[in-house]
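Okay, thanks for having me, everyone.

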Amino acid sequence: MLAVVSAGIAPGLALLSYFYLKDTLKKEPITYVFKMFMFGALLVFPLMFIQYVIELELGVTSHFVKAFLMSGLLEEFFKWFILIYLVYQNLHFDEHYDGIVYGVAVSLGFATAENILFLIANGVELALGRAILPVSSHALFGVIMGYYLGKGKFNTNTKQKRICLTLSLLTPIFLHGLYDMIILSQKYWGLYMVPFMVFLWWLGLRKVKLANTAEI
């Protein structure tokens, strides 16, 4: 059990450390970052219940509905809600890059708790694949969500602010849904997943660079 929990936690903490250390300006309080990580982790349990009830009661079989609504919409909306409710107006959120730090913290908290439960159920031998795909993809969805939250918070144009806040929710939902659609397609999914993950890493690291240079 200790090996499973360690394997489940390690990639999330490694990626959180990576994006935390990419902050070239003022580092965020580590206790508050960890608090957001834990809030993200706690999301797993109510979301698993909601997804289970929806699938059971409605008999959902459509890959599109599972990917874009039950996973993309539900998971990214609740992460976004935590960031809006607990972080957006917080005094610690005083730089553009801070949105990325907190977005990644919430997303990786969720991904880590989900990863531990998956490895307990399916075996620690799947840990490497989980680290490369679902855990890192959640981190990058968090980067993109946090980037647009930061861009919106420090934009003085009301219309642009609204656009950025909308993108902070819709972009991760779309990317998450697309990721799940590739997984659910099963046949030849690896042929699509490799370029998708390369694109996702390119996009995420570009947002990191832009946020650090305050190009909003």
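This is a predicted model: local features need pLDDT of at least 70, side-chain atom pairs count only at pLDDT 80 or more; totals for chains, interfaces and linings use all residues.

Let's start with burial: 50% of the 216 residues in the chain are buried, where buried means under 20% relative accessible area, exposed over 50% and partly exposed in between, with a 1.4 Å probe and protein chains only. Residues are numbered from 1 along each chain as its sequence is written, and side-chain values use heavy atoms, leaving out hydrogens and water.

What is the chain built from? It has 7 helices and 0 strands; helices (H or I, at least four residues) and strands (E, at least two) are DSSP runs, numbered from the N terminus. The chain's radius of gyration is 17 Å, close to the 17 Å from the globule rule for 216 residues, so it is as compact as a globular protein of that length. That radius is taken over C-alpha atoms, and the rule is 2.2 Å times the number of residues to the power 0.38.

On to the inside. The largest nonpolar core has 53 residues, and those with the most contacts inside it are F19, M36, I100, L108, F196 and L200. By nonpolar core I mean buried Ala, Val, Leu, Ile, Met, Phe, Trp, Tyr and Cys residues joined through side-chain atoms within 4.5 Å. α1, α2, α3, α4, α5, α6 and α7 each supply at least two residues of this core, and the largest share, 11 residues, comes from α5.

Find L200 for me. Leaving aside residues up to four places away in sequence, L200 touches S137, L140, F141, I144 and L175, a contact being heavy atoms within 4.5 Å.

Is Q51 buried or exposed? Q51 sits in helix α2, and it counts as buried because its relative accessibility is 16%. Its side chain makes a polar contact of 3.1 Å with the side chain of E75. A polar contact is a pair of N or O atoms within 3.5 Å; within protein, one must be able to donate a hydrogen and the other to accept it, and residues adjacent in sequence count only if both atoms are side-chain atoms.

Last stop, α3. S62 caps its N-terminal end, with a side-chain oxygen 3.2 Å from the backbone nitrogen of F64. Further on, α3 bends by about 30° at G72, that bend being the angle between axes fitted to the seven residues ending there and the seven starting there.
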